[in-house]
Amino acid sequence: MSDITRCYGHDCPLRDDCYRYTMPRPGRDALARVPYDEETGSCQYFYSNEPSEEGIRLTAYHIWLREGKPEGEAEAHWERAYEELCRSMGRAV
């Protein structure tokens, strides 16, 4: 990640998918202007809040272990893992 921690990009079209905007911590670092560039359709500070497949897999595995390794619950564990990771990163589920 770069040196920017929080983004005030309220009008940014990437805000719902950007961890720097949705991160669940109080306060935001004020920016002189929104870093989103309309001309290129990108933000140099964008950091996705979409959980990675590897992160979901690992979290689902730990849920499975916590629940005593039940059979036939893989899909439910995957969904729970995805939701837990989204909540932890401030992403709407």
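How many residues apart are Arg57 and Glu53 in helix α2? I found them 4 residues apart, about one turn of the helix. I take helices as DSSP runs (H or I, at least four residues) and strands likewise (E, at least two), numbered from the N terminus.

This is a predicted model, in which local features need pLDDT of at least 70, side-chain atom pairs count only at pLDDT 80 or more, and totals for chains, interfaces and linings use all residues. Residues are numbered from 1 along each chain as its sequence is written, and side-chain values use heavy atoms, with hydrogens and water left out.

**Salt bridges.** I searched the whole structure and got 6 salt bridges (a side-chain nitrogen of Lys or Arg within 4 Å of a carboxyl oxygen of Asp or Glu). Arg57 and Glu53 form one of them, at 2.7 Å, N to O. Arg91 pairs with Asp17, with the closest N and O atoms 2.9 Å apart. That pair links distant parts of the chain, 74 residues apart: Arg91 sits after α3 (74-88), Asp17 before α1 (19-22).

**Exposure.** I use buried for under 20% relative accessible area, exposed for over 50%, partly exposed in between (1.4 Å probe, protein chains only). Arg91 is buried at 16%. Asp17 is partly exposed at 34%, as is Arg57 at 40%.

**Asn49.** I looked up Asn49 in the loop between β2 (42-43) and α2 (53-66). Asn49 is buried, at 0%. Its contacts (heavy atoms within 4.5 Å) include Asp17 and Arg91, not counting residues up to four places away in sequence.
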